[in-house]
Every structure is written in structure tokens, then in C-alpha cells.
Amino acid sequence: MKKIGIYLSFAVLSLSVGCGDWSQMEPVDQQPVRPSEQNPELWAQYTAALRAYKAGSHTLVVASFENGSTNPTSEKDCLRSLPDSLDAVSLTNADNFSAYDAEDLAVLKEKGTRVLYFVDYAARSGEWADLAALAAYLDRVVARVRELGLDGFSFSGLPTYGDETAQAAQQAVAALFMEKFGAVAGPDKPLALFFEGDPQFLTADQRAKVDYIVLDTRTTDNASDLKLQVLRALEMENVAADRLLLGAMTEYEFLDEEKTASDAISALALRIPELGPLGGLCIYDVNTDYYGSEVVYAATRTAIQTLNPAK
């Protein structure tokens, strides 16, 4: 027992000395080596293949991303970590485009991922009761997109089924969006134009001038309601199946025809071919699909592979 006591005393003494040494902090230079730096030639071949894939015929998968972090806590706050095969990302905090976003923008461009400035009119309509104020804001957005070198715009809207005055006000708002964004974006234009919401917000002529419509199915939680929403949208003039995307939320349940529950992203991805086939899928709040360094954007990557198995 005495020997054990001696050994323990020595261990405690050694530990106390060691702790004193450890208190002297020394900086360690840890510079991550990214794939583009490990093998530039192979990286160039890979990104060229990515751009070719996105330029070709396939089912789109886009994402809604909460950007704007000024102090990222992990890679989930960084645009560069989005799945490489993602076609486009809609920035929900585009008004506060940060230096970190700007740094990652070059990586997305290299991969051919389009970056869209999102204006959520449906949520922010109270800010723009005055059309002149909205027009001035949209002019600033167009200028900002050009300044940053973004790839287009996305905007939302809620249709009004009220009296003629309310409908006229809605039509004026929609016309203003199309006047400002449609002048530089849309089919056969240099920039992309997405609309997110009920297509009824736009006139038939306006619907023909957007590249894609993202149907608001984020909270649709069963197969029957989903089919009705899609059928109603496709009955509208200038809503083509191949330009219609479904919206899905991460961590949201969906019931199939047998009342069996599954995650909404997987469920809607499986229904896109059978309901159209439709143009693709938009995954909202994609940041919450980031699970750490080993399982990164699992549901998003699975949806891309499900919709484009041979790509």
C-alpha cells in the first residue's frame, strides 16, 4: 500500500507540473487544404462536369438558405458547404449579404450553382404599402444583384380573393415586380427569375415570363391535398409541368395514401415524376438539414439522387 501511495503522490505532482506547462498557450497554424488545392487539375475536371450536368436536361433541386452570418459557428452557415449538385440557392437574408457570403460565392459559381436574391413580399408586404417605396427597394435589389454578380431573383406573393380594390392592389404589386425584375431576368434573359407561392398571384402573361414557379406545398402534409394543389396549378394558363417545382420543408412529416408517415423531402421527391413529371423540388430552410462533418445535407443529397438517378 505504501508503494501505491508513493506512486499516486508522484502522479499528482507530475500532473500539477504538467498543468503549469500547459497553461502556456501557443498558437497552432492549422490551414485547411481544400479539394481545389489538393489536386487543381482533378478539381477543374470535376467542376466542369458539374456545370455540364446543371446545363443539361435534368430535374432541378434548389434550396432556400438563410445566409448573412457575420460570425459562422459551423459549416452549416456557409454557402460553400451546400451539396455540389444543387442547381440553385435562394438567399432568404439577401439584404444582409455578408463578407462570408461573398467569399463563398466564387465557389458556388465554379460549381455552376445559381445564387438568387429572394424578396419575400408575402411576409414583408406591410413594409411596402406604398408602391413608390417598393419600386425604390426593387431598384436597389436589381443594382445589388449586378454589383455582387448574382444569378437572378426570386420573389413571393399571396393572391387576393377579396373585392376589386384589393385585387387591383395585388395586380399593381405583381406588375411592379415583373417590370423591375422581368426587364433583366426570365426566359431568354441573362438572369434567372423564380416565383414562389400561389401562381394566382400572377397573370397568365406574367407567369409566362418567369423561369420557374415554386408551388407553396411546404406545409402540405398528405398525398391527397398535394395532388389537388398540383392539379389546380396545372389548370392555370402558362403553368407548365416542367416549370413547376414543389416546396418541401426539412423535418416535416408527410402522409401517403395509406396514411404512412415519412419525411416530406423524400415523399415529394418520389411524387415529382408521377405528378408531371414536374420541374423539380425546392427545399426550404436547408440549413437545418446539415448534420455535422460526416452526414452533410443528407436529405438534400438523397433527393438529388432520387430525382436524377442516372446523372
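**Stop 1: N287**

Select N287 and show its side chain. That side chain reaches the backbone oxygen of K76 at 3.3 Å. Now look for E66: its backbone nitrogen lies 3.0 Å from a polar atom of the N287 side chain. Keep in mind that this is a predicted model.

Is N287 buried or exposed? N287 has a relative accessible area of 11%, so it counts as buried. Next, show what surrounds N287. Leaving aside neighbours within four places in sequence, N287 is in contact with S64, F65, E66, K76 and Y297.

**Stop 2: the whole protein**

Zoom out and colour by secondary structure. The protein has 311 residues, and 44% of them are buried. Take the contacts with a separation of 6 or more: 72% of these join residues 24 or more positions apart.

**Stop 3: the largest pocket**

Select W43, R80, S81, D84 and K111. Of the 23 residues that line the largest pocket, these lie nearest its centre. The volume of this pocket is about 580 Å³.

Now highlight four helices: α2 (35-38), α3 (40-55), α4 (99-111) and α11 (298-307). Each supplies at least two residues of the pocket lining. Which helix gives the most to that lining? It is α4, with five residues. Colour the lining by class. Ten residues are nonpolar, four are polar and nine are charged.

**Stop 4: the largest cavity**

A probe the size of a water molecule, rolled over the atoms, shows where empty space is left. The structure holds one cavity of 30 Å³ or more. About 30 Å³ of space lies in the largest cavity.

Select L79, R80, L82, P83, D84, L108, K111 and T113 to see its lining. Four of these residues are nonpolar, one is polar and three are charged. Keep R80, D84 and K111 highlighted for a moment. They are among the residues that line the cavity, and they are also among those nearest the centre of the largest pocket.

**Stop 5: K180**

Select K180 in helix α7, residues 164-181. Is this lysine buried or exposed? K180 counts as buried, because its relative accessibility is 18% and the cut-off for buried is under 20%.

A polar contact of 3.1 Å joins the side chains of K180 and D139.

**Stop 6: aromatic rings**

Show the aromatic rings. How many aromatic pairs are there? The count comes to 13. For one of them, select F195 and F201. This pair is stacked, with 5.7 Å centre to centre and 5° between the planes. Both F195 and F201 are buried.

Now widen the selection to Y121, W128, Y137, F153, F155, F177 and F181. Together with F195 and F201, these residues are linked into a cluster by ring pairs.

**Stop 7: V214**

Select V214 in strand β6, residues 212-215. With a relative accessible area of 1%, V214 is buried.

Draw a distance from V214 to G279. These residues are 65 residues apart along the chain, and their C-alpha atoms are separated by 9.3 Å.

**Stop 8: A240**

Keep G279 on screen and select A240. A240 is found in the loop between α9 (223-234) and β7 (244-249). The C-alpha atoms of A240 and G279 are separated by 8.7 Å, and the two residues are 39 residues apart along the chain. How accessible is A240? At 30% relative accessibility, A240 counts as partly exposed.

Note on methods
Residues numbered from 1 in each chain as written. Predicted model: local features only at pLDDT ≥ 70, side-chain atom pairs only at ≥ 80, totals over all residues. Heavy atoms only, no water. 1 Å grid on protein atoms, 1.4 Å probe; cavity = no way out; pocket = protein on both sides within 12 Å on 5 of 7 lines; lining within 4 Å. Points joined across faces, edges and corners; volume = space filled by probe spheres on them. Nonpolar A, V, L, I, M, F, W, Y, C, P; charged D, E, K, R; others polar. Buried < 20%, exposed > 50% of the residue type's maximum accessible area, 1.4 Å probe, protein only. Polar contact = N/O pair within 3.5 Å; in protein donor to acceptor, adjacent residues only side chain to side chain. Phe/Tyr/Trp six-rings, centres within 6.5 Å; stacked < 30°, edge-to-face > 60°. Contact = heavy atoms within 4.5 Å.
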